[in-house]
Amino acid sequence: MRTRLWIAQSLIVAFAVISAASAARGFGDETAWHAGIGRRVITPQTDVWLAGYGTKRAPDGKLHDLWVKVLALRASDGKRVVMATTDHMGMSKTIYESLFAKMERRFSLDRSEFMLTFSHNHCGPALKDDLVDYYPTDEEQRRVIAEYSDWMEDRVVEAVGEALDNLRPARLLQGEGKCTFAVNRRENTAEEVVKLRAEGKPLKGVVDHYVPVLAVHGDDGKLLGVLFGYACHPTTLSFNTYCGDYPGFAQLNLEASHPGTSALFFNACGGDQNPLPRRKLELCEQYGKMLSDAVEDVLAKPMQPVSGGLRTAFEFVDLAYEEVVTREKLLPIANRGAGLHARWASRMLKMIDQGVTFPTSYPYPVQAWQIGDELLLIGIGGEAVVDYSLRFKREFGPTTWVCGYANDMAAYIPSRRVWEEGGYEGGPHLDEYGRPAWRWAGDVEDRVAGAVHRVVERVRAAAPRPRSPAVDQE
């Protein structure tokens with residue numbers, strides 16, 4: 001009797017140990033994840049002009065390669081998502097739609113399951129149909145840009161295929177850190193920033209210094225990938241050399257510290273944020289080090305495991321224009337010369353002559369992923385200002401992450417506050433993005449937020465009750 005009792009107790013203990021170990025790894029129950037990483041170099045092999053500033057910037061070399069890096073996740077029920085992160089300034093709607101069609105055809109992903117993000121790096125190549133009037137390109141450069149864009153799309157598809165082919169048991173941990181070099185550029189000049197920091201005084205304006213971090217571990221405990229974000233323009237540099245600006249250096253630092261790991265960056269809502277001061281390579285490297293140190297600090301501390309379950313939603317919402325262009329208002333602009341606004345006005349006039357009827361709104365992409373019970377990831381297009389991230393974290397909870405540069409480089413997306421203040425991010429600048437209008441209507445924030453609430457409601461409708469917070473030490 002004692003022998004049978006001892007055996008039974010031993011089996012119970014052994015089962016408990018195995019179950020605890022399995023749960024600690026995130027395997028063997030409904031919370032299991034599979035994850036895969038893919039990556040490809042996307043540095044141009046031809047002389048594609050650099051993007052982000054409205055001048056001719058023929059490349060003179062590279063500091064380091066540019067990349068597309070992909071994170072694929074699969075939940076225990078087979079539901080998948082794919083995030084592609086790139087070192088580009090922006091993606092046009094043309095490229096996004098082309099890539100999504102390939103994702104749907106090749107990998108059976110629906111629109112809600114694919115998120116295309118771009119760092120907004122201003123030392124990467126120009127892309128097809130993005131800021132079409134911005135650069136003084138000729139036919140030859142437009143051909144080079146189109147050829148590169150097609151080649152780049154192929155690399156993205158290859159990286160996605162690699163990530164999906166390499167899905168393996170994984171464990172997800174999430175946390176947040178802090179980094180402080182971003183400055184509200186609407187409220188501070190570079191000279192003021194240097195002076196106020198030297199005096200130990202606070203800077204002006206709204207900022208969002210959180211650093212979201214998602215760590216992906218294999219079943220052997222190895223760090224396979226780390227996804228992280230920050231809200232700031234990658235505009236430290238303005239020279240003609242390909243590089244990834246501060247996000248590129250941050251990713252290089254993390255991959256050097258964790259051999260075999262892929263570091264993936266997404267830009268949060270940094271439309272009104274700049275790295276100040278700037279324009280020096282040493283500053284760019286310094287900001288990259290500050291950001292990678294913030295990520296390392298998160299990785300070194302207890303992080304919260306992400307439970308199983310994956311839900312996705314997507315919506316195009318129409319953002320209304322305040323006023324659509326007319327011939328009468330375009331003619332004097334077109335006659336000013338050969339600058340950006342003249343090129344735009346001339347193209348609009350040509351479309352009017354061809355009988356084109358301009359739309360009164362723009363289809364704006366809004367996306368949400370609920371990853372386990374713990375993490376809500378929102379993706380919105382264009383260049384959203386920090387008010388959006390701060391608002392959605394208040395409304396949906398502290399473990400809400402917002403990628404403000406997702407799927408389509410639509411234009412600046414001002415909050416109501418910024419729209420009323422005007423200025424570069426909130427005023428009449430849609431023409432620079434090739435839109436048939438100068439400004440969004442005043443309800444732009446209401447429309448964006450309404451769509452975000454709808455997609456979040458859809459991904460949370462079937463969500464189980466949140467579990468008690470837990471931490472885990474790596």
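Entry 1, the helix pair. The model is a predicted one. I looked up how helix α2 (residues 93–107) sits against helix α3 (residues 139–165): the two pack at an angle of about 35°, and their axes are 11 Å apart. I noted the crossing of α2 and α3 as right-handed. On the α2 side, I listed I95, S98, L99, K102, M103, R106 and F107 as the residues making the contact. From α3, the contributors are S149, M152, E153, D154, V156, V157, V160, G161 and L164. Sorted by class, the contact of α2 with α3 holds nine nonpolar, three polar and four charged residues.

Which residues of helix α7 (residues 327–334) are buried? I found L330, I333 and A334. Viewed down the axis of α7, these buried residues fall within an arc of 95°, so they line one face of the helix. I then checked what covers the buried residues of α7, and α8 (340–353) is included there.

I located T261 in the loop between α5 (245–257) and β9 (262–267). Is T261 buried or exposed? Its relative accessible area is 6%, under the 20% cut-off, so T261 counts as buried. Leaving out residues up to four places away in sequence, I recorded that T261 touches R39, L223, L224, G225, V226 and E255. For L223 I also noted a polar contact: its backbone oxygen lies 2.5 Å from a polar atom of the T261 side chain.

How values were computed. Residues are numbered from 1 along each chain as its sequence is written. This is a predicted model: local features need pLDDT of at least 70, side-chain atom pairs count only at pLDDT 80 or more; totals for chains, interfaces and linings use all residues. Side-chain values use heavy atoms; hydrogens and water are left out. Buried means under 20% relative accessible area, exposed over 50%, partly exposed in between (1.4 Å probe, protein chains only). Helices (H or I, at least four residues) and strands (E, at least two) are DSSP runs, numbered from the N terminus. The arc is that of the directions from the helix axis to the C-beta atoms. Contact means heavy atoms within 4.5 Å. Axes are lines fitted to C-alpha atoms, for helices over the stretch in contact, and angles run from 0 to 180 degrees between N-to-C directions. A crossing is left-handed if the near helix is turned anticlockwise from the far one by less than a right angle, and right-handed if clockwise. Ala, Val, Leu, Ile, Met, Phe, Trp, Tyr, Cys and Pro count as nonpolar, Asp, Glu, Lys and Arg as charged, and the others, Gly among them, as polar. A polar contact is a pair of N or O atoms within 3.5 Å; within protein, one must be able to donate a hydrogen and the other to accept it, and residues adjacent in sequence count only if both atoms are side-chain atoms.
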